[in-house]
Amino acid sequence: MKRRAPITVTEDDARLFREAIGEVRRLEAEPAPQAGPRPEPRARMLEADEAAVPGELLDMAFDPALMEVGEELGFLQDGYPPKLLKQLKRGQFSVQDDLDLHHMNAAAAQASIADFLAEAKERGLRCVRIVHGKGLRSKSAGPVLKALTDRLLRRRADVIAFASARPAQGGTGAVVVLLAARR
């Protein structure tokens, strides 16, 4: 794209422009009006939130399945420092793989856990998660898969520690397992 050369204004052009415009007079700038006092800040959103609370309490629009149900699981094998279990509960280990036991019966879950942990050990994984669910549909029997997972993990020599997962990772419906290093 070619650039145009700047247009030069000749004296005749300037004279013609002044004749076309006519006389001009300079305007004096008016001072800006003084600002009045600012109003006190008011927390309108807080007021709206507070006003909405009674209605929300009566509505009870929440899913009970989203609430933490049941006790937290936790285990640390003898000979390891308690700090290890605290770190696991705080989510300070990266989960490298996970297994979901939902919709499995006890026998299938038991086999799946054994296979999953064997494969994790073979792959050299140190931290895995097992999602067993919260047992909300287990009726009077309690959380079957949760109890099974707890029992199986406590018996394994390759499990150093396990603890219920952080809420973002499944809460009391999952456990994070710390495995011994592969030998």
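View 1. Read along the sequence, the pattern is α-α-β-α-β-α-β-α-β-β. That makes five helices and five strands. Helices (H or I, at least four residues) and strands (E, at least two) are DSSP runs, numbered from the N terminus. The model is predicted: local features need pLDDT of at least 70, side-chain atom pairs count only at pLDDT 80 or more, and totals for chains, interfaces and linings use all residues. Residues are numbered from 1 along each chain as its sequence is written, and side-chain values use heavy atoms, with hydrogens and water left out.

**View 2. Whole-protein surface and contacts.** The protein has 183 residues, of which 26% count as buried. Buried means under 20% relative accessible area, exposed over 50%, and partly exposed in between (1.4 Å probe, protein chains only). The accessible surface comes to about 14400 Å². Carbon and sulfur atoms hold 54% of that surface. Areas come from the Shrake-Rupley method with a 1.4 Å probe; for residues, only the protein chains shown count as cover. Take the contacts (heavy atoms within 4.5 Å) between residues at least 6 apart in sequence: 69% join residues at least 24 apart.

**View 3. The aromatic pair Phe 75 and Phe 162.** The count comes to one aromatic pair. Phe 75 and Phe 162 are stacked, at 5.4 Å centre to centre and 25° between the planes. Phe 75 sits in strand 1 (residues 74–76) and Phe 162 in strand 4 (residues 159–164), 87 residues apart. The rule covers rings of Phe, Tyr and Trp (its six-membered ring) with centres within 6.5 Å; planes under 30 degrees apart count as stacked, over 60 as edge-to-face and the rest as tilted. Phe 75 counts as buried because its relative accessibility is 15%. Phe 162 has 0% relative accessibility, so Phe 162 is buried too.

**View 4. Asp 150 in helix 5.** Helix 5 spans residues 144–155 and holds Asp 150. Asp 150 has 17% relative accessibility and therefore counts as buried. Its side chain makes a polar contact of 2.9 Å with the side chain of Arg 154. Such a contact is a pair of N or O atoms within 3.5 Å; within protein, one must be able to donate a hydrogen and the other to accept it, and residues adjacent in sequence count only if both atoms are side-chain atoms. Leaving out residues up to four places away in sequence, Asp 150 touches Leu 73 and Phe 162.

**View 5. Leu 136 in a loop.** Leu 136 lies between strand 3 (127–131) and helix 5. Leu 136 is partly exposed, at 46% relative accessible area. Its C-alpha atom is 9.8 Å from that of Gly 173, 37 residues apart along the chain.
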